[in-house]
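Please look through the sequence and the structure shown below before reading on. The paragraphs that follow lead you from one contact to the wider setting of the ligand.

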Amino acid sequence: MLNFEYQNPTKVLFGKGQIAKISHEIPSDARILIIYGGGSIIANGTMDLAKRALAGRNVIEFGGIEPNPDYETLMQAVAVVKKEQITFLLAIGGGSVIDGTKFIAAAACWELGDPWEILHNKGKGIRNVIPFGCILTLPATGSEMNQHAVISRKNRQISLPSASGSQGNYGAMAMHSQIAKEKLSFSNDQVFPQFAVLDPMTTFSLPKLQIANGIVDAFCHVIEQYLTYPVNANLQDRFAESIMLTLLDDGIKSYQQPDDYDSRANLMWCATMALNGLIGSGVPQDWSSHAIGHELTALFGLAHAETLAIVLPGTMAVRKDEKKAKLLQYAKRVWGIQGKNEDLVIQQAIDKTIAFFESLGFATHLSAYNIKEEQIPDIAATLLKHGMTGIGEHGTVTLDICEEILRKAL
Ligand code: NZQ
Ligand code: ZN
């Protein structure tokens, strides 16, 4: 096992009715900004529950955070935080709203010039943040209990209407439909949420597509931390396998029976545990499929999980020699596949993975999104621009290998 340090400061409040407790988690004199997305939390009643829990408190709102949260919108929120002297942020939504809130929290206290540098520096230099908590409504990213955020920036100067709204509330006035040209991540221990409410009831309004997104994203988070090379981290391996097996069981059940509470609760906890640092402690990590996937989102607008369903099987196939030991373990323990012919076992595990993604409605080929072979160099060029020239657990995934993975997925 590799050496590691592990600390996760996020307090989890899991289950039905837990939103009612949030006022105990927020200082009584706080000036609170609720941050949300396109309105799903208003439609499904989560906003009402939060407001009821915060009755009598000093609360204003900022809505309009997009999926793949956009820098320009987030900077509008930063202006509101400063103008209204906000002292606590409450994110209500999926990974995009929570990631966006992490950026707002950091950017509002950033004193080193252009806040986009937070992304270029990958989070280094963040000293203070506005404290924040979250109410998760989409089990997928793990952002609710981790220190990572992924922020996008559209390739243009947006002149947005002034950030003013009715009843003292704010919002990005229009959703942006432009395709992001940059999608970068940052990490810093300061941006762990102080608390995360995980009430599966808030997720029953999710369309099936988003449930599927969550299952695939969580599964791929486990794979990025598991499917590398053995370091005798037996407990981490078993944790990882148990999350994958639970996703194959309760995740699929939750997709097929969207009104079932227990499977949804299990899916929700799986997604959180998949990326809260626990299974990744003391093990090598890959993350190359995510890096390639972020460029596909930035360039072509694919949803995050759509990119992973394409890239991950290609990664398994192209890098099967360096991942051989773990691929065989994955085949045996997750899919129950064994045999003397190791290549065949690995191929069957890859086929099972593809069939799993496809059973959730995902395409696993670039052609499904009309992305052609001649565009692959463009993807490699953006990876180069972002310094992603030697990624993966060994740092050996070169641009050539990235291109090979993408060609495998044509
Ligand atoms: O904007 P609203 O109206 O809330 O609608 C959202 C959005 O349209 C909707 N939604 C959320 N909860 C709902 C709901 N609709 C109905 N009922 C509900 N209960 O779902 C849509 C997608 O939401 P989004 O937050 O974008 O999805 P997700 O949670 O998958 O987050 C994706 C973002 O997280 C990043 C991704 O790259 C992407 O930008 N990631 C963040 C990570 C992290 N912080 O650790 C790791 C991940 O690998 C990932 O990269
Ligand atoms: Zn992901």
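**Around the ligand**

In this predicted model, a backbone N or O atom of T202 lies 2.9 Å from a nitrogen atom of ligand 1, which falls under the term polar contact, meaning here a pair of N or O atoms within 3.5 Å. A backbone N or O atom of G38 is 2.7 Å from an oxygen atom of ligand 1, while an N or O atom in the side chain of H304 lies 3.0 Å from an oxygen atom of the ligand. Taken alone, ligand 1 exposes 960 Å², of which the protein buries 89% (accessible areas come from the Shrake-Rupley method with a 1.4 Å probe).

The shell around ligand 1 divides into eight nonpolar, 21 polar and three charged residues, where Ala, Val, Leu, Ile, Met, Phe, Trp, Tyr, Cys and Pro count as nonpolar, Asp, Glu, Lys and Arg as charged, and the others, Gly among them, as polar.

The chain itself is divided into domain 1 (11–198) and domain 2 (208–408), with bounds from an automatic or database domain assignment. Because both domains give residues to the shell, ligand 1 lies between them. The C-alpha centres of the two domains lie 27 Å apart, and their contact (heavy atoms within 4.5 Å) takes 23 residues from domain 1 and 24 residues from domain 2.

Residues are numbered from 1 along each chain as its sequence is written, and chains are lettered from A and ligands numbered from 1 in the order in which they are written. Local features need pLDDT of at least 70, side-chain atom pairs count only at pLDDT 80 or more, and totals for chains, interfaces and linings use all residues, while side-chain values use heavy atoms, with hydrogens and water left out.

Technical notes. Polar contact = N/O pair within 3.5 Å; in protein donor to acceptor, adjacent residues only side chain to side chain.
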